[in-house]
Structures are given as structure tokens and as C-alpha cells.
Amino acid sequence: MANTPKDDPWTEGEESVQPAAPERGGDDNAEVLRERQRLVQIESMDRWIQGVLVEQRRGRRWKLFFRFAWLLLVAGVIASVWYALTMTPDEDAVQGEHLALVSVEGVIDSESPANAERLIEGLEAAWEAPDARAIVLHINSPGGSPVQSQRVYRAITALREQGDKPIIAVIEDLGASGAYYMAAAADEIVAAPSSLVGSIGVIYAGFGLDQVIDDLGVERRVFTAGDNKAFLDPFSEMRPDQQVFWQKVLDTTHQQFIDAVKAGRGERLAEDPKVFSGLIWTGEQALELGLVDRLGTLDDEARHWLDEPVIEDYTPSQDPLDRLARRFGVSLAHWMGLPQAASPLRYQLP
């Protein structure tokens, strides 16, 4: 047969030997390894892409959050400005007879809600209200700045000279020092039996720390022009002549307080030197000393003046932005150790 191995010239005379199939086990392993590496790379790339997408989504969320926060801030500023411009007290809004209230709340100071400018504005608005039967200066304050107290005192005195309507000072829990200074200008002063009234005096409080820094080995460097410029510096020693001078300042300011109370209260005051000693009295004791005219509360005054008690608050509303700016300025100055504008002398309880 032609197709037999014998007929094959290449194998003629020899036994045909078929070549062995190549061994593929090693190649298969290499191919599998490469495939696995490719899959790992694809998986790593996929994780990286997913991470990038997550970060992008997170970044978009934060951008939206900050944009929303800024939007709220702008809306708050606009609302505050609108409130300050449109929600001020309007004397025409009250119909019928009423008591016109102006509140003295907290420490009296140029940077506090109980500042002269705000209180005088309220008093003038209440005075001009045609249906206000009487003006009530509603006091709950330990006192504070002498200058702010004097300004309100003079404003009340000026209004009283016009003789249009009575001004009544009603002391709630506390009407002391500079707060009583204001009250003394009113036509009458009313206090509850347990109210605290008086404290007609002046105070300055500080520290003498010069020995402390000496013990610590700290050198104080203060440069002044004038021998007495730094006499209130707590880290410097106060000389005897400086103490005498400062006491005269306190005595002079105290005498201004005494003269104002005498001018406002007149012969109603008892002839007792303790009245001006800085002591504070209950409402009952203050009545005996002539510091108040009668015992009562704001509600009692409303019933006293009106058959149907109606009280309208004429205290000017505070601008939220201005209040925030004031507090921020005071806090920043305090933190930086900058001097404050307020006088170190106080008509105030310690």
C-alpha cells in the first residue's frame, strides 16, 4: 500500500517514530499567573476609581454644605438688619392709656444693654407717647458706670422739668449704686419689701502684685511720660502720696453721687450719715430712710395708675449685629490685654 510506512521514503527501512507532544504544563502556569496579575491590576484600578469617585462625592457634599452655611449666614444678616429697621418700638402702635416702661437691666455700662444712649432713647419715646399715663423706669441692676448713670439722671431731670407726666422708678430685685443714682431723679421711687436699695458709694478694685513678680524674678518694663502715669498698674508699687490722691478722686466722685441724691430726694431723706456710707438696705429699711416713697411692685403701679392695667415696653430693641460686634470687641480687647474704655471707678456693688 502506498500509504504504509514502507512506502514513505523518509522512514523507509526504519520504524516510524511519532514526535512526542510538547509538555505544556509550565506554559499553562505562566499564563494563569499572568491572568491573575491582570485581574489584580484591574481590581486595584477599580478600587482606585471607586475611591476617587467617593472623594469627589464627598467634596461635592462639603461644597454644598458650605454654600448652604453661607446662605444661612447671609439670610441671618439680612433678617437681623430687617428686624433692626422695622421692629423698633412705635409709640403710635399702642392705643389707649398705658404705663410706658423703660428697663434698666444688668450692669450699667457703655458696652452693655443698660447704656445711657439706649435708656435715654427709650425715655424720650415714652415721654412723647400721647397715651402714656406715666413713665416707669423698671430697675434691676447693681449699678455701674458713673458717667452713664449721670447721663440718665440728667435726662430724667430734664424731662421732669417739662412737667408733662410723672416718672416712677420701680426697683425689682436690686436697685443699687449707679442704678439708684438714676432712680433718684424720678418723681417717686417704689420698691418691694425685699428689694435691695442704696449702696450710695464709689468703688475701685485692683491688685498689688509687685511683690509677686519680685518673688518670681520677673522684670516689669513700663515706659511712661509723667511720674504718676502708671500709678494704677497692679505690678507697680503705689506711693503714699498717690494713695492720698486717688482717695480724693473717690471722695469727689462720691460727693457728686450724694449731691445728686439729695437734689432728687430733697427733704424726704432721713438725716442719717449711714445713708451715704455705701450700705445697702431692704425696701422696708429704705422706706424708713426716705430712699423710697412706698412699697410695691410693677403690677401694683399698673393698678395704681390705671383701671385696666396696660404696660407697654419702650426700651429700644437691641441690634443683634451691634450687640455681637460689641461683645466681640470687648472679648478681643480683654484677650489681647488692651486697655478698656470704661472708667475704673464704679457706682456698683462689688
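## Whole chain

The chain exposes about 22700 Å², with carbon and sulfur atoms supplying 56% of it. Areas are Shrake-Rupley values with a 1.4 Å probe, and for residues only the protein chains shown count as cover. The model is predicted: local features need pLDDT of at least 70, side-chain atom pairs count only at pLDDT 80 or more, and totals for chains, interfaces and linings use all residues. Residues are numbered from 1 along each chain as its sequence is written, and side-chain values use heavy atoms, without hydrogens and water.

Colour by accessibility. Of the 350 residues in the chain, 33% are buried (under 20% relative accessible area, 1.4 Å probe, protein chains only).

Switch to cartoon. There are nine helices and ten strands (DSSP runs, H or I of at least four residues and E of at least two, numbered from the N terminus).

## Helix pair

Select residues 146-162, helix 3, and residues 240-265, helix 6. Their axes come within 12 Å and cross at roughly 20 degrees (lines fitted to C-alpha atoms over the stretch in contact; angles run from 0 to 180 degrees between N-to-C directions). That makes helix 3 roughly parallel to helix 6 (angles under 35 degrees).

Show side chains. Helix 3 makes the contact (heavy atoms within 4.5 Å) through Gln-150, Tyr-153 and Arg-160. Helix 6 brings Gln-256, Ala-260, Ala-263 and Gly-264.

## One residue

Select Leu-159, in helix 3. Is Leu-159 buried or exposed? At 8% relative accessibility, Leu-159 counts as buried. Leaving aside neighbours within four places in sequence, Leu-159 is in contact with Leu-123, Trp-127 and Ile-167. Now draw a C-alpha to C-alpha distance from Leu-159 to Trp-127: 7.7 Å in space, 32 residues apart in sequence.

Methods
Angles under 35 degrees count as roughly parallel, over 145 as roughly antiparallel, 65 to 115 as roughly perpendicular and the rest as oblique. Buried means under 20% relative accessible area, exposed over 50%, partly exposed in between (1.4 Å probe, protein chains only).
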